[in-house]
Amino acid sequence: MRIAALDDDALQLDLFKQALHAMGHTCHTYLTGAQLLHSLQSECFDLLIVDWHLPDTTGPEVVRWVRQHVGLEMPILFVTHRQEERDIVEGLGCGADDFMTKPVRIGELRARVAALLRRSYTEKPEEVLEFGRYRFLPESRSLEIDGAPVELKNREYELALFLFQNMGQLLTRDHLKEVIWGQVPDVMSRSLDTHISRLRILLDLRPANGFIVTSVYGVGYRFETTEQVQPA
């Protein structure tokens, strides 16, 4: 899972990263609210850990922004020195799902993270997903266009499905590489470009078919419907 941690203490963020890495998760760390909110405009996470006191804003303000602009699905955990009942009430009331106090106990942190992820991402029967002419069948990990099967390799299928599920979002290169390959080494830069190029051909992604992949120089890619693309 991809987890974002926001805290003004770099040592605390290192602790989060080590603890979550040991659980098999990837942890992206942020020292200011502005950094995190900027990242959330082009990246998605499976869980968010938030401190209360930040140099440029407050934890509750960050949580409220996330709930308004990102949605209700992503679980949020407050980790803070504040421990009064009114603080817990405010933290949960602004949209967080759980609340724990510092100093952080690694065992408790792992247990709370595991519980939040378990509750939020309980395995459900995967449903067929349809986007116009394109039909994804998760059970067989296959794709059909107008009812005809398209032969895709494993990562090509994963990348195609991720693009369709994140339509309209600007997706950074590192984000795409991490989601599809599980890591972001530089040697994979050309692999991502090659996969995108193959999908353009295999899925016939062009305006006449309703979908296009646009390269954003120096950042990544945006997958859009032709309705989302504004004329120049």
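How are helices α2 and α3 oriented to each other, roughly parallel or roughly antiparallel? Let me start there. This is a predicted model, so keep that in mind throughout. Helix α2 covers residues 33-40, and helix α3 covers residues 59-69. Their packing angle is about 10°. That is under 35 degrees, so α2 and α3 count as roughly parallel. Their axes lie 11 Å apart.

Who touches whom? From α2 come Gly 33, Leu 36, Leu 37 and Leu 40. From α3 come Val 62, Trp 65 and Val 66. By class, this contact has six nonpolar residues, one polar and no charged ones.

Now the overall picture. The chain has 232 residues, and 45% of them count as buried. Its secondary structure comes to eight helices and 12 strands. Along the principal axes, the C-alpha atoms fill a box of roughly 60 × 40 × 35 Å. Take the contacts between residues at least 6 apart in sequence. Of those, 55% join residues at least 24 apart.

Helix α6 spans residues 154-165. It packs against α7 at an angle of about 130°, with the axes 10 Å apart. The α6 and α7 pair is therefore oblique. The crossing of these two helices is right-handed.

Look at the residues in that contact. On the α6 side we have Arg 155, Glu 158, Leu 159, Phe 162 and Leu 163. On the α7 side we have His 175, Leu 176, Val 179, Ile 180 and Trp 181. Seven of the contact residues are nonpolar, one is polar and two are charged.

Stay with α7 for a moment, and turn to salt bridges. How many does a search of the whole structure find? The search gives 18. One of them sits within α7, between Lys 177 and Asp 174. Their closest N and O atoms are 3.7 Å apart. The two residues are three apart in the helix, about one turn. Is Lys 177 buried or exposed? Lys 177 has 3% relative accessibility, so it counts as buried.

Elsewhere, shared partners build a network. Salt bridges join Asp 98, Arg 105, Glu 108 and Arg 112 into one group. Asp 98 lies in strand β5, residues 98-101. At 16% relative accessibility, Asp 98 is buried. What does Asp 98 touch, leaving out residues up to four places away in sequence? The list is Ile 76, Leu 77, Phe 78, Leu 92, Arg 112 and Leu 116. Notice Arg 112 there. Arg 112 is also a member of the salt-bridge network.

Asp 193 pairs with Arg 173, with the closest N and O atoms 2.9 Å apart. Asp 193 is in helix α8, residues 189-202, and Arg 173 is in helix α7, residues 173-181. They are 20 residues apart, and the pair links distant parts of the chain. Both ends are partly exposed. Asp 193 comes out at 25% relative accessibility. Arg 173 comes out at 22%.

Asp 146 pairs with Arg 133, and the closest N and O atoms are 2.8 Å apart. Asp 146 is in the loop between β8 and β9, while Arg 133 is in the loop between β6 and β7. That is 13 residues of separation. Asp 146 is exposed, at 55% relative accessibility. Arg 133 is partly exposed, at 31%.

Asp 146 brings us to the backbone. This residue has a positive phi of about 55°, although it is not a glycine. Arg 141 is another non-glycine residue with a positive phi, about 50°. Arg 141 is in the loop between β7 and β8. With 38% relative accessible area, Arg 141 is partly exposed.

Last item. Where is there a cis peptide bond? Lys 102 and Pro 103 are joined by one, with omega about 0°. Pro 103 sits in the loop between β5 and α5.

Technical notes
Residues are numbered from 1 along each chain as its sequence is written. This is a predicted model: local features need pLDDT of at least 70, side-chain atom pairs count only at pLDDT 80 or more; totals for chains, interfaces and linings use all residues. Side-chain values use heavy atoms; hydrogens and water are left out. A salt bridge is a side-chain nitrogen of Lys or Arg within 4 Å of a carboxyl oxygen of Asp or Glu. Helices (H or I, at least four residues) and strands (E, at least two) are DSSP runs, numbered from the N terminus. Buried means under 20% relative accessible area, exposed over 50%, partly exposed in between (1.4 Å probe, protein chains only). Axes are lines fitted to C-alpha atoms, for helices over the stretch in contact, and angles run from 0 to 180 degrees between N-to-C directions. Angles under 35 degrees count as roughly parallel, over 145 as roughly antiparallel, 65 to 115 as roughly perpendicular and the rest as oblique. A crossing is left-handed if the near helix is turned anticlockwise from the far one by less than a right angle, and right-handed if clockwise. Contact means heavy atoms within 4.5 Å. Ala, Val, Leu, Ile, Met, Phe, Trp, Tyr, Cys and Pro count as nonpolar, Asp, Glu, Lys and Arg as charged, and the others, Gly among them, as polar.
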